[in-house]
Amino acid sequence: MKYIYLFCISLLSFAANAQYTKEINSNRPSLSMGAYSVSKSILQIEGGLGYQQDEYSNERYNNHTLIDLQFRYGAFFEQLEFVADVKFDNTRQVNFDQKNNFSGFRQTSIGAKYMVYDSYRNYVEKRNIYSWKANQRYKWRRLVPAVAVYVGADFKGDENYFPKNMPATTLKGMIITQQHINNNLSFVTNLIVENATNNDFRSYGYIATLSYGFSQNWSVFAENQGFFRKYEGVKQNFKDDCILRGGFTYLVNKNLQLDISGGTTIGNTPHKMSGQIGASWRTHKKYKQTNEVEDIL
């Protein structure tokens, strides 16, 4: 995950103009997107199998079996990556004495992310050869976030998951920040607008993810996600949501990561609980590093 990158970058030297890391840099299992790309010519696949229950009352609820696949590929520039996200949903719906089963691709998203600012790019850490204490001081540059932007399109899938008059294709935008607070702790925020070109269905949201790597292989995260939306002319009651998530990752090797996570909403409109297991894997290449900077964080 993003915090695996944080933990490893503090231990390893890397190219000041590159975003390649010797160990996989995955967005999973959180739902936020990190500011850093997978690096040019790297293909990364992140996927998970999950279960979610939306409970309106004891006699009205939906059970979902979810499959989520994300494909990330770096191209043209170190700061640029293309992202394709596919979600498949199998739903068992109970509405008092009515039961219904349906399944299909819930949504497909295609977009691109570009990192517009990184305070460590082309930065060389200067060592004080006369003072050990000066070299151990906290580096306030850590608090300056890397900033990326994401622009993409969402393609509506099965009609059961959306209002009937929602457009089949909508635009999505995101501002992403990522801070490396210390060698083990990182903080990522996403500010999101969905259905950006449609006034009737436009929604805004945020994701804030705090991540901690407590060993070379294990990491943990806590996350809060919120939505602010108002669907004009739609009879369904789409209220704002606030979701809490947490989970763990285990680094199997430098190109493979496993994860487990769970989440719940605050409130009962409806009350949602979910759990998921997943994995992230990337192709690997020999990456020539230039202008190496040692321990810049």
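Select Ile 207. At 4% relative accessibility, Ile 207 counts as buried; buried means under 20% relative accessible area, exposed over 50%, and partly exposed in between, with a 1.4 Å probe and protein chains only. This is a predicted model, in which local features need pLDDT of at least 70 and side-chain atom pairs count only at pLDDT 80 or more, while totals for chains, interfaces and linings use all residues. Residues are numbered from 1 along each chain as its sequence is written, and side-chain values use heavy atoms, with hydrogens and water left out.

Ile 207 sits in strand S9, residues 203–213. Strands (E, at least two residues) and helices (H or I, at least four) are DSSP runs, numbered from the N terminus.

Next, show the neighbours of Ile 207. Not counting residues up to four places away in sequence, Ile 207 touches Leu 31, Ser 32, Val 188, Thr 189, Asn 190, Ile 192, Glu 223, Asn 224 and Gln 225; contact means heavy atoms within 4.5 Å. Glu 223 is 16 residues from Ile 207 along the chain, and their C-alpha atoms are separated by 7.1 Å.

Now select the largest nonpolar core. Its 12 residues are Met 33, Ala 35, Tyr 36, Val 83, Met 115, Ala 146, Ala 148, Tyr 150, Met 174, Ile 176, Ile 192 and Ile 207. A nonpolar core is a set of buried Ala, Val, Leu, Ile, Met, Phe, Trp, Tyr and Cys residues joined through side-chain atoms within 4.5 Å. Strand S6 (146–156) and strand S7 (169–180) each supply at least two residues of this core. S6 gives the largest share, three residues.

A second, separate core has five residues, including Phe 102, Tyr 161, Phe 162 and Phe 201.

Move to Ser 30, in the loop between strand S1 (14–15) and strand S2 (43–57). Is Ser 30 buried or exposed? Ser 30 is buried, with a relative accessible area of 5%. A polar atom of the Ser 30 side chain lies 2.9 Å from the backbone oxygen of Asn 27. The side chains of Ser 30 and Ser 32 make a polar contact at 3.3 Å; such a contact is a pair of N or O atoms within 3.5 Å, where within protein one must be able to donate a hydrogen and the other to accept it, and residues adjacent in sequence count only if both atoms are side-chain atoms.

Finally, show the whole chain. It has two helices and 14 strands, and buried residues make up 46% of its 297 residues.
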